[in-house]
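Colleague: Please take me through this model step by step, and give the cut-offs behind each term when it first comes up.

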Amino acid sequence: MTRPLQNRRILLVIGGGIAAYKALDLIRRLRERGAAVRPLLTAGAQEFVTPLAAAALAGERAHTDLFDRAEEADIGHIKLARDADAIVVAPATASLMARMATGEASDLAATVLLATTVPILIAPAMNVRMWQHPATRRNLATLRGDGVRVVGPNEGAMAEAEFGPGRLAEPSEIADAVEVMLTDSRPAPGFGFLAGREPAEAAKAGALAGRRVLVTSGPTHEPIDPVRYLANRSSGRQGHAIAAAAAAAGADVTLVAGPVSIPDPPGVRVVPVETARDMLAAVEAALPADLAIFAAAVGDWRPAEARDSKIKKDGAAPAPVALVENPDILAAIAQRTTDRPRLVVGFAAETDSVLDNARAKIVRKGCDLIVANDVSPAGGVMGGSANTVHLVGRDGTVETWPTLDKDEVGRRLVAHFAGLLGT
Ligand code: CTP
């Protein structure tokens, strides 16, 4: 039986911090999955774990500043950067992230990270306040923009009796993220001399000519009374970008859009709706279609009763708002026996176990493909301008794309769907 990381070479950069001890377990998890692991410890890491322990678990020499400066001729930083299929930084401390974000080459770890063109995954771990500091948020955004993948941090009790996000992701979660990253073999944009040269994979002009495409986008508003409603953080940017790209590829596009504050995309028929039930009716009215993409963040529940007049504060405790489930629009269309679009694509906004949930969702809903994305606070996606997506097929296969601007994700998705529909 081949193991998922068979013959993969991982350079594991261990940063300084109490979580460094978990990096030792990560070495074992990666090796169990078939990877060869070469450890590299920063000076800070060596305050918490020894190179000897890392080397013993890896079955390979562990690299440190001291050793490698002395033996640059033996295995230099360039060779370390090249002799790997991926680099994992765990724990990624605030300082290591700052050095990566500014391109500083002040120690062996930072030098290797600057010299590499292979995909990089970081698993941040730090104090809650350091994680939430604007400087770390900026560095994280820069790293994401450079194509660096991020796993965690998790929320929980931490040293110094604090609670919140900052705990290193579990070794098995990091190993899962490595697997996902290595299903995408393209070089990370922003790193190495190939950076930025990759041509945009937009659909060829006319790739969807003669096709009818239906897209849902944005949130829904589920009224509580005439002034209040239940909603979510969806901006509609991803769905609108898909609709725009499909129109640019020559399709006849209907965009059923929940309440958003972004402009209508050019060349698209827009049907504005408020609630999930309105959205379902508008989608059904727009059939038949060749391709249907359900990018809307539909409210799962609505208040059982929408009051006709404003609920007043009367000094007593507020009445609980009873909720009932909304219709599942994607499932309703994917499971139709008449007028089912040939290709039905769902989205999965997940905060945990992104791929497992997406795989379950594809079966439950009956669609052909799921575009999954991580909307946990660490994923930083919902409402933002960039997106990291995983394409999950009915057979469970996964294709992970680098973090890209939502317009670019839209163009690439449309190119992909046009290819699946064929000529
Ligand atoms: N969706 C839909 N109608 C709903 C709920 C979801 O059409 N009432 C669609 C979304 O547009 C998306 C997909 O279903 O394409 C998955 O949405 P998501 O919110 O991730 O999944 P849920 O079905 O709501 O499942 P859960 O909240 O349990 O993750």
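Colleague: At what angle do helix α10 (residues 237-248) and helix α14 (residues 406-421) pack?

Modeller: Residues are numbered from 1 along each chain as its sequence is written. This is a predicted model, in which local features need pLDDT of at least 70 and side-chain atom pairs count only at pLDDT 80 or more, while totals for chains, interfaces and linings use all residues. Axes here are lines fitted to C-alpha atoms, for helices over the stretch in contact, and angles run from 0 to 180 degrees between N-to-C directions. The axes of α10 and α14 are 8 Å apart, and the packing angle is about 50°.

Colleague: Is the arrangement of α10 and α14 roughly parallel or oblique, and which residues of α14 make the contact?

Modeller: Angles under 35 degrees count as roughly parallel, over 145 as roughly antiparallel, 65 to 115 as roughly perpendicular and the rest as oblique, so α10 and α14 are oblique to each other. Two residues are in contact if their C-beta atoms, placed from the backbone, lie within 7 Å. On the α10 side the contact is made by Arg237, Gln238, Ala241, Ile242, Ala244, Ala245 and Ala246, and on the α14 side by Lys406, Asp407, Val409, Gly410, Arg411, Leu413 and Val414.

Colleague: How many charged residues does the contact of α10 with α14 have?

Modeller: Ala, Val, Leu, Ile, Met, Phe, Trp, Tyr, Cys and Pro count as nonpolar, Asp, Glu, Lys and Arg as charged, and the others, Gly among them, as polar. On that scheme the contact of α10 with α14 has eight nonpolar and two polar residues, and the number of charged residues is four.

Colleague: What is the handedness of the crossing of α5 and α8?

Modeller: The axes of helix α5 (residues 94-102) and helix α8 (residues 134-145) come within 9 Å and cross at roughly 50°, which makes α5 oblique to α8. Ala94, Met97, Ala98, Met100 and Ala101 in α5 meet Thr136, Asn139, Leu140, Thr142 and Leu143 in α8, and by class this contact has seven nonpolar, three polar and no charged residues. A crossing is left-handed if the near helix is turned anticlockwise from the far one by less than a right angle, and right-handed if clockwise. The crossing of α5 and α8 is left-handed.

Colleague: How do the residues of the contact of α1 with α2 divide by class?

Modeller: The axes of helix α1 (residues 20-32) and α2 come within 9 Å and cross at roughly 15°, which makes α1 roughly parallel to α2. Leu24, Ile27 and Arg28 in α1 meet Ala53, Ala54, Leu57 and Ala58 in α2. The division by class is six nonpolar, no polar and one charged.

Colleague: How many helices and strands does the protein chain have, and what share of its residues counts as buried?

Modeller: Helices (H or I, at least four residues) and strands (E, at least two) are DSSP runs, numbered from the N terminus, and the protein chain has 14 helices and 22 strands. A residue is buried if 20 or more other C-beta atoms lie within 10 Å of its own, exposed if 12 or fewer, and partly exposed in between, with C-beta atoms placed from the backbone. Of the 423 residues of the protein chain, the share that counts as buried is 46%.

Colleague: Which element gives the most to the shell around the ligand?

Modeller: A residue is near a molecule if its C-beta atom, placed from the backbone, lies within 6 Å of it. Of the 15 residues around the ligand, Phe294, Val298, Ile329, Leu330 and Gly346 come nearest, and by class the shell has nine nonpolar, three polar and three charged residues. Both α12 (329-334) and β17 (343-350) supply at least two residues of this shell. The element that gives the most, with four residues, is β17.

Colleague: Is Ser353, which has a positive phi, buried or exposed?

Modeller: Most residues other than glycine have a negative phi, and most peptide bonds are trans. Ser353 has a positive phi of about 40° although it is not a glycine, and its place is in the loop between β17 and α13 (354-365). With 12 C-beta neighbours inside 10 Å, Ser353 counts as exposed.

Colleague: Which residue does a cis peptide bond join to Gly152?

Modeller: The peptide bond from Leu287 to Pro288 is cis, with omega near 0°, and Pro288 lies in the loop between α11 (276-286) and β14 (291-294). With omega about 0°, the residue joined to Gly152 by a cis peptide bond is Pro153.
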